[in-house]
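This briefing goes through one protein model, topic by topic. Look over the sequence and the 3D view before reading the points below.

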Amino acid sequence: MSRFFLSAAAALVLGLGMANAHAAGDAEAGKKAFAKCRACHQLAEGKNTVGPSLHGLFGRKSGTAPGFKYSDAMKEKGITWDEKTLAEYLADPKGYIPGNKMVFPGIKKDSELADLIAYLKDATK
């Protein structure tokens, strides 16, 4: 049985609102937050490294970036990446998709997560 946890960032993305929270992340701050991701992920189309290219991330099905060898867990999850699914995944990668290969422990600070998603929405087009 899995449990569902809606982080503050996911709540913001869903438009549920929260006291003292911003409606959207800061893409410029998210660019700095992306430094944690850059060791394994690139933004250029088709540039897979330790992790898959993030180009075209939003609207793409999990486990489908061309040329990257995904775990079965990622391929079988069957989600489409959007603000909500990305917020849930990045907050707790192993909890959201048990068995995936990403070793990153997640982004625990809700404002940083919202900022990163704001940056990725533009940078991965």
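Does Cys40 count as buried, partly exposed or exposed? Cys40 has 30% relative accessibility and counts as partly exposed, because that value falls between the 20% limit for buried and the 50% limit for exposed. The model is predicted. The protein chain contains 6 helices and 0 strands.

**Overall make-up**

- Along the sequence, the pattern of the protein chain reads α-α-α-α-α-α.
- The protein chain has 125 residues, and 42% of them count as buried.
- Taking contacts between residues at least 6 apart in sequence, 42% join residues at least 24 apart.

**Cysteines**

- The number of disulfides in the structure is 0.
- Cys37 takes part in no disulfide, and the nearest cysteine sulfur belongs to Cys40, 8.9 Å away.
- Cys40 is likewise in no disulfide, with the sulfur of Cys37 at 8.9 Å as its nearest cysteine sulfur.
- Cys37 has a relative accessible area of 12%, so it is buried, the limit being under 20%.

**The largest pocket**

- The space in the largest pocket comes to about 540 Å³.
- Its lining is made of 28 residues, and those nearest the centre of the pocket are His41, Gly51, Pro52, Tyr89 and Met102.
- By type, the lining holds 19 nonpolar, 6 polar and 3 charged residues.
- Helix H4 (83-91) and helix H6 (110-123) each give at least two residues to this lining.
- The largest share, 3 residues, is supplied by H4.

**Helix H6**

- H6 is built from 14 residues, and the distance from its first C-alpha to its last is 20 Å.
- That reach is close to the 20 Å expected at 1.5 Å a residue.
- The buried residues in H6 include Glu112, Asp115 and Tyr119.
- Leu113, Ala114, Leu116, Ile117, Ala118 and Leu120 in H6 are buried too.

**Ala24, an exposed loop residue**

- Ala24 sits in the loop between helix H1 (8-13) and helix H2 (27-33).
- With a relative accessible area of 58%, Ala24 is exposed, because the limit for exposed is over 50%.
- Ala24 and Ile117 are 93 residues apart in sequence, while their C-alpha atoms are 9.1 Å apart in space.

**Asn100, a buried loop residue**

- Asn100 belongs to the loop between helix H5 (93-96) and H6.
- The relative accessible area of Asn100 is 3%, so Asn100 is buried.
- From Asn100 to Ser71 there are 29 residues along the sequence, and 5.6 Å in space from C-alpha to C-alpha.
- Leaving out residues up to four places away in sequence, Asn100 touches Ser71, Ala73, Met74, Tyr89, Pro93 and Lys94.
- One of these contacts, Tyr89, is also among the residues nearest the centre of the largest pocket.

- Thr124 is placed in the segment after H6.
- Thr124 is buried, with a relative accessible area of 2%.
- Thr124 and Leu54 are 70 residues apart in sequence, yet 5.9 Å apart in space between C-alpha atoms.
- Not counting residues up to four places away in sequence, Thr124 touches Leu43, Leu54, His55, Gly56, Leu57 and Phe58.
- Phe58 is found in the loop between H2 and helix H3 (72-77).
- A relative accessible area of 25% makes Phe58 partly exposed.
- Which residues does Phe58 touch, not counting residues up to four places away in sequence? Phe58 touches Trp81, Asp82, Glu83, Leu86, Ile117, Leu120, Lys121 and Thr124.
- Two of these contacts of Phe58, Ile117 and Leu120, are among the buried residues of H6.
- Phe58 and Leu86 are 28 residues apart along the chain, and their C-alpha atoms are separated by 8.8 Å.

Definitions and conventions: Residues are numbered from 1 along each chain as its sequence is written. This is a predicted model: local features need pLDDT of at least 70, side-chain atom pairs count only at pLDDT 80 or more; totals for chains, interfaces and linings use all residues. Side-chain values use heavy atoms; hydrogens and water are left out. On a 1 Å grid over the protein atoms alone, a cavity is a set of points where a 1.4 Å probe fits but cannot get out, and a pocket is an open set with protein on both sides within 12 Å along at least five of seven lines; lining residues have an atom within 4 Å of a point. Grid points are joined across faces, edges and corners, and a volume is the space filled by probe spheres set on the points. Helices (H or I, at least four residues) and strands (E, at least two) are DSSP runs, numbered from the N terminus. Ala, Val, Leu, Ile, Met, Phe, Trp, Tyr, Cys and Pro count as nonpolar, Asp, Glu, Lys and Arg as charged, and the others, Gly among them, as polar. The expected span of a helix is 1.5 Å times one less than its number of residues. Buried means under 20% relative accessible area, exposed over 50%, partly exposed in between (1.4 Å probe, protein chains only). A disulfide is a pair of cysteine sulfur atoms within 2.5 Å. Contact means heavy atoms within 4.5 Å.
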